[in-house]
There are 4 protein chains.
Amino acid sequence: MHNEHFYTLTASCPDQVGIIAHVSGFIAEHGGWILESSYHSDNDSDSNANRYFMRMEIRAASLSCGIEEFCRKFAPLAARLEMDWQVTDSAVKKRVVVLVSKQEHCLYDLLARWQAKELNIEIPCVISNHETFRGFVEWHGIPFHHVPVTLDNKPAAYAEVARLFQEARGDCMVLARYMQIIPPELCAAYPGRILNIHHSFLPSFVGAKPYHQAYQRGVKLIGATCHFVTPELDQGPIIEQDVIRIDHSDSVEDMVRYGKDIEKAVLARGLRYFLEDRVLLHGNKTVVFR
Amino acid sequence: MHNEHFYTLTASCPDQVGIIAHVSGFIAEHGGWILESSYHSDNDSDSNANRYFMRMEIRAASLSCGIEEFCRKFAPLAARLEMDWQVTDSAVKKRVVVLVSKQEHCLYDLLARWQAKELNIEIPCVISNHETFRGFVEWHGIPFHHVPVTLDNKPAAYAEVARLFQEARGDCMVLARYMQIIPPELCAAYPGRILNIHHSFLPSFVGAKPYHQAYQRGVKLIGATCHFVTPELDQGPIIEQDVIRIDHSDSVEDMVRYGKDIEKAVLARGLRYFLEDRVLLHGNKTVVFR
Amino acid sequence: MHNEHFYTLTASCPDQVGIIAHVSGFIAEHGGWILESSYHSDNDSDSNANRYFMRMEIRAASLSCGIEEFCRKFAPLAARLEMDWQVTDSAVKKRVVVLVSKQEHCLYDLLARWQAKELNIEIPCVISNHETFRGFVEWHGIPFHHVPVTLDNKPAAYAEVARLFQEARGDCMVLARYMQIIPPELCAAYPGRILNIHHSFLPSFVGAKPYHQAYQRGVKLIGATCHFVTPELDQGPIIEQDVIRIDHSDSVEDMVRYGKDIEKAVLARGLRYFLEDRVLLHGNKTVVFR
Amino acid sequence: MHNEHFYTLTASCPDQVGIIAHVSGFIAEHGGWILESSYHSDNDSDSNANRYFMRMEIRAASLSCGIEEFCRKFAPLAARLEMDWQVTDSAVKKRVVVLVSKQEHCLYDLLARWQAKELNIEIPCVISNHETFRGFVEWHGIPFHHVPVTLDNKPAAYAEVARLFQEARGDCMVLARYMQIIPPELCAAYPGRILNIHHSFLPSFVGAKPYHQAYQRGVKLIGATCHFVTPELDQGPIIEQDVIRIDHSDSVEDMVRYGKDIEKAVLARGLRYFLEDRVLLHGNKTVVFR
């Protein structure tokens, strides 16, 4: 990490000889100084079908042209390589819409990081199904929207969430222990843009009350999982996971408490990878260039 | 830990006021110096049904009587408290029968610990369904029994395993990546005495090829589980678990390799807890007094 | 952990036969139900000089007498055993005075835990050498005191800190990245009551700029240490430590950022152990009954 | 990781625009399929003095020429970029000479990995200052050399070690808890080729009896460090480190025992990184492309 102004090129394409040469050659022709670069070739299948992933940070000041011109010139090469690609600008903060319920640990953690400028983001608003954190959020100068969710109003409620997200020009939605199931339409509308923190080490203990399930099974470690939300509950691509040790003396309440520490840490790491364009989707899996 | 001669009393009983007082009072009356003691009250249910677990190490030289007399005198108190209990003697090495197949990592690890006297055990024999490690085992002066297991001979093969275990007066059987499913009758014959190392972080990825399952799901950590073998495959009480970080660049072969390091470490820790009488069964869970 | 009303007895004394029997016998005589108990015998030296440590949680409702009478009756036994001892009441919240400077991570983390009632404490006030967090702290309804510290006013400044701490009837002082060296007189006045979080894995990288030192040395893990403050800088008894992995690609700024996550986690764990009377001093070391 | 035949190009040079483009362009011209590639730019100092590090795995079968011709053609480019560079061949096993004393844990661990072909190495011989492991080593078909080291014979003994290493055409020397201080001349003769496992989390507890030092200081984690040996004792570039949690109940003997598990794991990881040409020296630090 560094504090310079840079552009991040991320791309994936069918693997073949010479991809790095082509792309790095193009960048060098335009004077581009590469600050960091990562590559991954998916070696699963036979080589004809391998997929190639890359991420490059280019110092903005070194480029002989602006970002638009760079992209315009890069497009034909990308097309020839059949690339999915994008270029982001470190000077443009990503806009993160946070959804919370009544638990504070993830919200406090995210706002502390935002406040300390540790996360290079805007938080255009916080949305909650409860009023609990209005004061806390507004004290930070961030708009707070209360969108109650009941058994009867779900379609209307999530239409409102979607409207607020669009109005906020959000880049991603972070479910910071939101405790509500996002309807499939909303998931489908923003693939790879809704991040959730699940309070178990998936795929163990899918669904409700994972700590109760963990307690019943007598596991010796519990965990948390940051993943993209997809229409299939708790089945989306995993971005980051971690665990913490427990033992026989820990009650479900203890697990909940320990779990919070893992949840906020895993969410913060997963979100940072996402914000720095380090997470590339590969089917139902992720490539994470840490 | 220490190198003194000591007795280990382990017990569980219905919880009530005064258990520690009764037991420690009895020990003090006989001059017993307590080197280490651990207690656990299961707080789950309502207090009338709580269960209490304890483990105490008593310096042998401090007792005013021998172990047999100590046990004889303790029995009435234990009966009054409705205890399941036992006393073991640190001077009597436990007899560990090791079952292996064709993978060396757990076997080498166990024999290195035995050789270094790090584990206070006898290994009366190693049993394998392959000849692979005969030379290595016999070089250490340990008898090696080849008991082939085929689709047709299972009942006979496991009858032979049971016979060898009895002949060896084994205290426990360690499946050091034995790769065969122990038949229910054998599991049932030795409850809490057969330890397995499973190459996944249970309850994730039960059954065959857990690393392939982990690869497909795209998890960011893989693990291993040391558990008691019960007739239900991979469902026995968990003794110890651990995990290791992986990422998108790791193939199934990499996972297998990393996994070996976790497997042998988790097996060694779980076995040590068992050998030191630190593992008490509680239904399908364990209390582990580390 | 549990949510019952209980008393916690902690004690240390010269080791001898029968301590548990005496103490647990006394508790049982008064009807005391023991919820959790931990013991440690320091085996270092020859047995005559061994020291014994204990911690017991007793359900308040089970005792046949109140806490004052319990203590009065226990005193003669404690005297006979030459005990250092205390009994605390879970219904009486400890009063934690927090000292901060300009970094938010530990402060936000502590207030989130306080807000969520995860820590059973009062925060009578926050003291800082900067005005930075006045608004944030006061929003939580907690008094904020600005006590500037300059090269010239140190004695007066720390006299004011001591006065505020006394006025607040503080049980402990938490230096939540306070970034100032506490003068020896203040350390000496509150032994075992001032907790600091040091941003290195002590004893590595004592003193200023530990992350710079770690970077220069090229270590592969960095850490944090929660310890009691003593007159000797960074030499006090260690309560808790942890580490996080770094690599060659991490700059000092990255280390500072990762370090924050470890610092707040280690401080929160260390503080919890202290608040639950799990930390017993043993010379310049600690016994921590987790 | 994969099982293909490949060449590994590692290089470092002053940083400038276009390095990846030049090198990957050269490889692509010769048909080279890049299996894995890693880059690191040292961002410490001002950019004019930055140093650039790279590692690329090239599928052997994809190259239009042999390795010698590839190197001959690459040399002028490398010279123009002022590179330190080398190309290794995955089909040529590195030759690892192991030095041991009387502790088995690292030796058993390395031989198990060698036996399982988990490490792609030859072990031309084991050298020891004791006869302890002659039988074990020779059983594996590996020559064993006993070179006693006394206060009087050090120069002669290490001359013999150097002679055996040369005779064995060793690529590296692994001190698998060798417990002797290698004389500066030998260190200087093989820079970056002698790996040691130190039984502490350096720079803590330099020198003798680190576990005793850790016990005295009351740390809550102990560790191990794999590093290159240099003439300054315990000051060489660090390759890998790890830690394990301990507490007040652990004696020095317990620490020694736990430490062994960390020592062998850290040594195995560090050695693997070295064998796969993932470790590049950068002054007294390392770049490790994991």
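**A residue and an interface**

User: Is B:Ser128 buried or exposed?
Analyst: This is a predicted model. In it, B:Ser128 is buried, with a relative accessible area of 1%.

User: Where is the place of B:Ser128 in chain B?
Analyst: B:Ser128 lies in strand E7 of chain B, which covers residues 126–128.

User: And what is B:Ser128 in contact with, leaving aside its neighbours within four places in sequence?
Analyst: Its contacts are B:Val100, B:Ser101, B:Phe144, B:His145, B:His146 and B:Val147.

User: Now the chains. How many residues of chain B are in contact with chain A?
Analyst: There are 36 residues of chain B in contact with 36 residues of chain A. Together the two chains bury about 3,000 Å², 50% of it on carbon and sulfur atoms. B:Arg217, B:Lys220 and B:His248 supply 24% of the area that chain B buries against chain A, more than any other three residues.

User: How many salt bridges are found across that interface?
Analyst: Four salt bridges are found between chain B and chain A. One pair in a salt bridge is B:Arg245 and A:Asp242, whose closest N and O atoms are 3.6 Å apart.

User: Which strand gives the most to the side of chain B that touches chain A?
Analyst: E12(B) gives the most, with seven residues. The residues of that side divide into 13 nonpolar, eleven polar and twelve charged.

Definitions and conventions. Residues numbered from 1 in each chain as written. Chains lettered and ligands numbered in written order. Predicted model: local features only at pLDDT ≥ 70, side-chain atom pairs only at ≥ 80, totals over all residues. Heavy atoms only, no water. Helix = DSSP H or I, 4+ residues; strand = E, 2+ residues; numbered from the N terminus. Buried < 20%, exposed > 50% of the residue type's maximum accessible area, 1.4 Å probe, protein only. Contact = heavy atoms within 4.5 Å. Buried area = accessible area lost by both parts, 1.4 Å probe. Salt bridge = Lys/Arg side-chain N within 4 Å of Asp/Glu carboxyl O. Nonpolar A, V, L, I, M, F, W, Y, C, P; charged D, E, K, R; others polar.
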